[in-house]
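Please look over the sequence and the model shown here before reading on.

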Amino acid sequence: MSGAPLFSVIIPSAGTEAGVVRLLDALARQTLPRGRFEIVLARDGGSMSPELNARLDALGARLAPHDRRSGPGAARNRAAALARGDVLALTEDDCEPAPDWLARAAARFDADPALAVLVGRTVKPGGRPVHGQDGGEPLYLPTNLFVRRELFARTGGYCEAFFEPRGNVYFREDSDFGFALEEAGARIAREDGAVVTHPEEHAGALGPLRWARRHMMDPLLARRHPRRFTERIEVHSIGPFRIRRPVVRACFACVIALVLAAAALAAGAPRAAAAAGAVAGVALLPVWAKWRFAPWRLPVVVLVPFALVGAYVGGWFRARRIG
């Protein structure tokens with residue numbers, strides 16, 4: 001490959017090699033001429049099979065290995081340090097970009113040299129957008145994000161504190177990075193024609209608990225970007241009303257109501273305990289609704305409020321230790 005490419009495709013990977021192979025196959029099918037992009041994969045802990053190494057070599061991909069798990073943000077930073085492209089094309093090892101993914105993005109950057117950040121469209125299998133991408137504020141999902149390499153370096157890349165190795169918890173590093181891009185005054189645009197497919201999240205039996213535990217990173221994001229956290233994170237519009245973080249608030253309401261119910265029982269006030277228990281049951285409904293009221297999920301969903309509140313409180317102390 002002669003000269004610097006337009007794109008460096010940045011891939012953090014700590015998952016199964018099957019996902020990496022599917023992604024590499026999708027990159028091999030890109031309609032953008034091969035000389036205009038390179039591939040840089042950052043292995044986040046562990047080793048790779050000879051077969052995968054051979055696949056990477058066949059595509060001319062480069063590897064940023066790392067023996068110790070340090071989270072996807074740190075892996076992206078390592079890959080970006082090796083990149084030669086003018087623009088970093090961020091995706092993940094369980095994604096499948098459409099064949100014209102890079103070509104669509106290239107057309108935007110070629111037409112607008114001042115463009116600094118391009119947000120693509122990430123969909124679930126079947127085409128439904130993830131996280132309610134409704135044309136509002138960008139989400140900066142690292143499944144489908146293009147950032148000028150110079151800007152990435154100038155803003156410091158991803159904050160690596162949004163990873164807790166003891167529980168392998170990572171979350172909100174994408175929002176933190178996106179908010180930093182905004183604060184740097186970057187020119188940001190959307191390109192819904194640049195599509196990446198991402199599998200369903202938290203699909204397993206214990207998925208709701210994993211979803212709850214990752215909220216330990218919320219206090220850190222709130223500490224670093226207080227106004228944007230309040231105005232942008234999990235804000236839903238219903239007509240003229242804006243509802244902020246309904247599931248998180250429902251979890252806190254459920255736990256508080258159950259504590260009050262237990263206190264009322266201990267004080268010999270069964271009616272008050274029943275009323276508080278009813279409030280807890282109502283508060284649980286939005287949590288269950290997140291998983292579409294699937295009956296088989298209910299035994300795990302009832303544990304979600306306790307897992308989320310515990311993670312959030314622990315995250316509050318962690319954010320203050322980190323500063």
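Predicted model: local features only at pLDDT ≥ 70, side-chain atom pairs only at ≥ 80, totals over all residues.

Residues are numbered from 1 along each chain as its sequence is written, and side-chain values use heavy atoms, with hydrogens and water left out. Helices (H or I, at least four residues) and strands (E, at least two) are DSSP runs numbered from the N terminus. Buried means under 20% relative accessible area, exposed means over 50%, and partly exposed lies in between, with a 1.4 Å probe and protein chains only.

**Salt bridges**

- The count comes to 25 salt bridges, where a salt bridge is a side-chain nitrogen of Lys or Arg within 4 Å of a carboxyl oxygen of Asp or Glu.
- One of them joins the side chains of D44 and R69, with 2.6 Å from N to O; because D44 lies in the loop between β2 (37–43) and α2 (50–58) and R69 in the loop between β3 (62–64) and α3, the pair ties together parts that are 25 residues apart in sequence.
- Of these two partners, D44 is buried, with a relative accessible area of 3%, whereas R69 is partly exposed, with a relative accessible area of 27%.
- Another salt bridge is formed by E173 and R76, whose closest N and O atoms are 3.4 Å apart; E173 lies in helix α6 (residues 173–183) and R76 in helix α3, so this pair ties together parts that are 97 residues apart in sequence.
- E173 counts as buried at 6% relative accessibility, and R76 is buried with a relative accessible area of 0%.
- A salt bridge also connects E164 with R318, the closest N and O atoms being 3.1 Å apart, and this pair links distant parts of the chain, since E164 is in strand β8 (residues 163–164) and R318 in helix α13, 154 residues apart.
- E164 is buried, with a relative accessible area of 9%, and R318 is buried as well, with a relative accessible area of 7%.
- Salt bridges also link E137, E182, E183, R228 and R232 in a network.

- Leaving aside residues up to four places away in sequence, V304 touches P208, L209, W211, A212, C251 and V287, where contact means heavy atoms within 4.5 Å.
- Leaving aside the residues up to four places away in sequence, P305 touches C251, C254, V255 and L284.
- From C-alpha to C-alpha, V304 and G46 are 31 Å apart in space and 258 residues apart in sequence, while the C-alpha atoms of P305 and L59, 246 residues apart along the chain, are separated by 46 Å.

**The cavity**

- There is one cavity of 30 Å³ or more, a cavity being a set of points on a 1 Å grid over the protein atoms alone where a 1.4 Å probe fits but cannot get out, with lining residues having an atom within 4 Å of a point.
- The largest cavity has a volume of about 40 Å³, and a volume is the space filled by probe spheres set on the points, which are joined across faces, edges and corners.
- The residues that line the largest cavity are S70, P72, G73, A74, C159, E160, F162, F163 and E173, and helix α3 (residues 72–82) gives the most to this lining, with three residues.

**Surface and backbone**

- I238, F241 and I243 make a nonpolar surface patch of about 310 Å²; patches are made of residues with over 30% relative accessible area and no salt bridge, with nonpolar side chains (Val, Leu, Ile, Met, Phe, Trp, Tyr) joined within 5 Å and like charges within 9 Å.
- Most residues other than glycine have a negative phi.
- E234, although not a glycine, has a positive phi of about 50°; E234 is found in the loop between α9 (226–232) and β11 (235–238) and counts as partly exposed at 23% relative accessibility.
- F293, also not a glycine, has a positive phi of about 55°; F293 has its place in the loop between α11 (270–290) and α12 (298–301) and counts as partly exposed at 41% relative accessibility.

Notes. Areas by Shrake-Rupley, 256 points an atom, 1.4 Å probe, with all protein chains shown as cover. 1 Å grid on protein atoms, 1.4 Å probe; cavity = no way out; pocket = protein on both sides within 12 Å on 5 of 7 lines; lining within 4 Å.
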